[in-house]
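Trainee: I am new to this structure and would like a close look at one part of it. Could you walk me through the open sheet, and then show me what surrounds it in the chain?

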Amino acid sequence: MGGSAGAVDYPRTLAEFNAWFPDEAACLAYLARLRWPDGFACPHCAATRAWQLARRRKLRCAGCRREISITAQTVFADSHLPLMTWFAAAWYVTSQKPGASALGLQRVLGLGSYRTAWAMLHKLRRAMVRAGRDQLAGEIEVDETTIGASQPGSLGRGTFASEAIVAIAVEALPRGTCGRVRLARIPDCSKPVLTGFVAGAAAPGAVIYTDHWLGYSGLAEAGFLHQATSIAASGDPAHVAMPRVHRVSSLLKRWLLGTHQGATRPHQLDFYLDEFTFRFNRRRSRHRGLLFHRLLEQAVEADHVPIRDLIGGRP
Ligand SMILES: [Zn+2]
């Protein structure tokens with residue numbers, strides 16, 4: 001049933017979505033498949049058979065008879081909302097091309113409270129970053145940009161309480177094309193912070209293009225092939241020397257202003273960066289249903305990296 005890409009099954013249309021997930025049991029079965037893609041394996045006795053307990057989010061192991069929660073340590077843990085509501089939210093979020101607002105989600109799902117919609121959105125955004133995600137490779141442009149009060153067009157209304165610095169890394173594909181991106185809010189543009197960001201975002205041996213800022217002077221020592229582009233010497237404006245990273249920067253700013261009216265506090269910016277990254281890196285996905293599938297897949301991954309660990313790069 002439904003569409004597939006390789007081994008991946010997901011609904012392609014709203015009609016298929018509704019047919020796939022008519023009740024809680026169907027949602028649970030889907031989450032169990034995502035959580036144990038190679039088949040169930042009991043964490044206690046390694047038995048490979050289990051059955052779903054009626055009306056509970058648990059499996060019973062056929063070997064040791066212990067109960068194993070399907071949703072523990074996932075985005076859906078500790079939530080009293082029906083999984084059907086969560087699935088509808090995930091579908092809505094991934095089917096809105098520019099992104100979803102809490103108000104829009106509240107209206108579409110008929111949620112009683114704006115706060116509930118807001119909290120769901122933030123949990124789903126957190127799931128958009130995957131702990132074991134692949135590092136960027138090949139040739140990569142890296143730069144920083146500021147998001148905040150001085151941003152043109154914001155007029156100081158509903159904007160960030162203070163300026164935030166965002167580090168951007170984007171794979172440089174031929175003919176000015178962007179590959180995947182990594183973004184992180186960074187505390188400053190010092191050498192340890194920028195080196196840490198690149199080390200977290202890019203695979204060792206990658207070619208890193210930056211400007212001549214001293215904060216990037218530790219990259220060769222950290223195992224990268226560093227190419228500092230001399231803007232002053234070449235006479236090229238920055239956007240010519242590193243066109244991709246500047247395109248990502250302006251897309252990010254436009255998206256923050258357009259979808260979220262720029263209204264977010266600096267610590268929430270992390271979640272918006274995750275959402276932007278998730279969408280940007282999957283912008284060529286032919287089916288929105290695949291985005292839904294990926295989002296749920298990441299939502300059931302137990303070990304999410306605390307967002308603070310992403311700041312300045314992971315160890
Ligand atoms: Zn067992």
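Mentor: Happy to! In this predicted model, five strands form an open sheet in the order E8-E7-E6-E9-E10, and their pairing is mixed. Strand E8 (178-186) and strand E10 (225-228) each have a single partner strand, so they stand at the edges with one side left without a neighbour in the sheet. On average, neighbouring strands here are turned by 25 degrees against each other, direction ignored.

Now look at one pair inside the sheet. Strand E6 (residues 139-147) and strand E7 (residues 164-172) run antiparallel and are joined by eight bridges. As one example to find on your screen, isoleucine 140 stands opposite glutamate 171 in E7.

Let's step back to the chain. It holds 11 helices and 10 strands, and 35% of its 315 residues count as buried. In soluble globular proteins, nonpolar side chains tend to be buried together. The largest nonpolar core here has 37 residues, of which Ala89, Ala90, Leu124, Leu295 and Ala299 touch the most other members. Elements that each supply at least two residues of this core include strand E4 (58-61), helix H5 (114-127) and helix H11 (288-299), while H3 gives the most, with nine residues. A second, separate core has 36 residues, among them Ile186, Ala202, Met242 and Val248.

Note on methods
Residues are numbered from 1 along each chain as its sequence is written. This is a predicted model: local features need pLDDT of at least 70, side-chain atom pairs count only at pLDDT 80 or more; totals for chains, interfaces and linings use all residues. Two strands pair if DSSP finds at least two bridges between them. Helices (H or I, at least four residues) and strands (E, at least two) are DSSP runs, numbered from the N terminus. Axes are lines fitted to C-alpha atoms, for helices over the stretch in contact, and angles run from 0 to 180 degrees between N-to-C directions. A residue is buried if 20 or more other C-beta atoms lie within 10 Å of its own, exposed if 12 or fewer, and partly exposed in between; C-beta atoms are placed from the backbone. A nonpolar core is a set of buried Ala, Val, Leu, Ile, Met, Phe, Trp, Tyr and Cys residues joined through C-beta atoms within 7 Å.
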